[in-house]
Amino acid sequence: MAEDRIVERKRVFAQYKQDVKERGKPFYPYAMFHDTVMSLVVVIVIVGLAAIWKFTTPGHHTGFGPHGSTDVPNQAGWLGKLYDQPADPGTISFVPRPDWYFYFLFQLLRIFKWPDSVILGTVGIPTICLVLLIALPFIDLRSERRPSRRPVAMVAAVLAVLSMGILTYRGATAKEALASEEVTHVPSWAATEKFTKNKEAVAGARLFAQLGCLNCHTYLGQGNHNLGAPDLSAEGAKNKGIAFQIAHLKCPQCVNPGSQMIPFADQPTKNLTALATFLEASKGGK
Amino acid sequence: MEPSREHPHVPGPSLWPVGLAVGVVALLVGLIVNWWISVAGAAIAIAFGFLWVRDIARERGLTKAGEVAPERRNGRGPSRRPAVAPPRTYGRSAFLELSTLGLGGVIGGLVSLPALGFMLLPAFLKQKNPAHDLGPLTDFPQGEFVVTTFVSNPPEGQVSRRTAFVRNNGLLGTEPSFTIISNHCAHLGCPVQPTTVVPKKSAQYKDVTLIPLPTPPSGYSCPCHGGAYDVEGNRIAGPPVRALDRYSFSIRNGHLYVGAPFSVSHVVGSGATARIYKYTLAFPGEHIDGIESWLYPIQPPH
Amino acid sequence: MATRMSPQDRIMYPVDWLEERSGLIGAVRYFLFRRVPSDTNWFQTLGSATLTAFLVQATTGVILAMYYKPDPQEAYPSIVNITNDVFAGWLVRGMHRWGASVFIILMFLHMGRVFLFGAYKYPRELNWIIGVLLLALGLAEGFTGYLLPWDQTSYWATTVGININGSAPFLGPFIAQFLQGGTYINADTLSRFYAIHMLLIPGAIFALIGLHLYLVIRLGVTSPPWSKHPAGSGPTEPPPPAPPRTGLTRPAPRGGTIRG
């Protein structure tokens, strides 16, 4: 009965007050000693982090010139750079990332990768979480406090911590298939697929990385899987021939009806040949 | 309408607050539109506010007078009001109570309304997009994309730098045609990158930086949450809710001028003959067509 | 004949003077010597640790404000100046930068402790809600402070953050436009965020921390839930007399006493 519960918990709280009065300890100095030690630890950690940040940063720390000119190098120490480049609202090469404590939100936005669900990641789920958090004392009305007797609460807590941890980790390690980043993988691709000597194929690999193919295709573990595009690591093993590859690049729908790939007919023939050579040279590393 | 012990006293229903609200709204709207609407609004608000307060005061006065009756004070007498209506007096304390509240409200309004307006309105008033000179048409070879960065509002300085992907589509009939695509992702506004080789070399025209792309991009990709667009700015993958925004343009004295940005739901076709489904500028992440666009019925002035 | 003050009273007169006029000493004494359950433990220091981290933020923030310039042209150079040229500027900026992370971690840990101890239950529901509001405000401090160095990371992270607000139904576009003071991030955005970051939100946080502490003092702290005799379980019985030693070969039956 609700009324019984109210009467009972009032009694318990009155008992609590009496117990604290009769056999409690004064806050000062007993509990406050612990508090003070902990506060000291906190301040030492903060000062320590500031010092590590400063003293592990190599070189002199005079920042960057205006708008991305990097005359003065600013290398990262153990805790990252002292400052990033100055804000450039017109950049086309910067990869934005939030501070670590917003990685969970950042990853949440990446999970909802369908236009209709964007609002769930931006507003929906954070609002629901906040409302649940505020409403917690009115959802969990039992007076039981021992964790072993609160299985639902404990499971919910573990799940919340786990999901926050996973989201933060995934957010921290998230990568996009960006031309500037993917192009650094070309030498290792050439080594794995054994076409290092084939100049044409290496040039094709660079184009492959820069033309955004990895937005939809995957290649040796890089790239995204979108629009049902196949993995191309072993495309050359099918031995379709360079002429077929060029025709397919120019007009994917003509060769493969129903394909959702965008045509690359705008590219000069030189680029198409290089791309086709690269694809034919990709035998899956065998 | 007998106030009884069981039911706490509440003011009777009144239409005056509605008039007061209308007056305040007119006052605020007038701040944006025209000052004399504000004056009219203020007059309406004051008139209705006065009437409202007078009503409440009257009611309070009645109650106070009623309570004087001894049989009501000790609660044992007949609960019905005496047949003779009590005199309509304004109790002194009721008057002081109400005037304290009223004066406090006036002070609060005098301080907070202008402050609120000062805080809220400028963000919605000064938006303008002056046309900006991007340089002679010869800087934009036909069929090629040029990454163009310009200071959209020179008095504001570097903070108004914008980047657009400009393509000269050649002539459409006798008129020159340009495609000018904004580089702000339609998901949450990150800077999209053209998926092609971007050379280091750039040309400069006044405050405009021009980087011609030797290899045409296959599209644009977003570095944040995985959005991907085709070369006309249509979404092909990832979370973007619409196509990339575009800029309007004009040609003056053989120079290309970039104008106001607008939003695009999708584009059919390509180049000069593309059909662009155009909407007023919306923030990234807002649907502008389909059922979801009902979530954003009113756009602030951009 | 006038009564004379004792020497001790004379020494304590300044304290007495203050107490007579303000009652402050009594309040401090009440705060310090109030009773708490005898079995509180180290987990329960997380709240005061969070407070310490916040005070570090407030102090270093005020000092940084003396050198920082909230203007798009000046912000970045002023940060570089603070880091390199101002005496101990790297330390103050570093403490503010990393103190933010420590503050947020401690808020989450403190909340985890309260959850684990079930300390959000009757009669402490209101204090839990204030705590959640403090968490939200703390994260908002992180978000608004992130723009201030005016570097690439801050500019674009703020763009995304504002557009997240913009995607809220109905009012979203208006909130976004209000936050950045226009359609895009502009000069007003920076000073706006600066005012919100160093006046509006810290003021709210101070007020809520005051309320939070008031409720902690009024309602008391809980015993750890696994305590043998948590406060609220009634008076402790005197310990039962130890059973007589019977040696290893004849252990006493559990809970019983040995006869014979």
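The model is predicted: local features need pLDDT of at least 70, side-chain atom pairs count only at pLDDT 80 or more, and totals for chains, interfaces and linings use all residues. Residues are numbered from 1 along each chain as its sequence is written, with chains lettered from A and ligands numbered from 1 in the order in which they are written.

**Stop 1: chains A and C.** Select both. Here 63 residues of chain A are in contact with 66 residues of chain C (contact: C-beta atoms, placed from the backbone, within 7 Å). On the chain A side, colour H1 (2–23), S1 (25–26), H2 (27–55) and H4 (118–139); each gives two or more residues. Helices (H or I, at least four residues) and strands (E, at least two) are DSSP runs, numbered from the N terminus. H2(A) gives the most, with 16 residues.

**Stop 2: the strand pair.** Zoom to S1(A) and S1(C), residues 35–36 of chain C. They pair in the antiparallel sense over 2 bridges; pairing takes at least two DSSP bridges between the strands. Pick A:Pro26: C:Arg35 in S1(C) stands opposite.

**Stop 3: all of chain C.** Expect 10 helices and 1 strand. Along the sequence the pattern is α-α-α-β-α-α-α-α-α-α-α. Of its 260 residues, 44% are buried (20 or more other C-beta atoms within 10 Å of the residue's own, all placed from the backbone). Among contacts between residues at least 6 apart in sequence, 65% join residues at least 24 apart.

**Stop 4: chain B.** Chain B has 5 helices and 13 strands. Buried residues make up 34% of its 302.

How values were computed: Two residues are in contact if their C-beta atoms, placed from the backbone, lie within 7 Å. A residue is buried if 20 or more other C-beta atoms lie within 10 Å of its own, exposed if 12 or fewer, and partly exposed in between; C-beta atoms are placed from the backbone.
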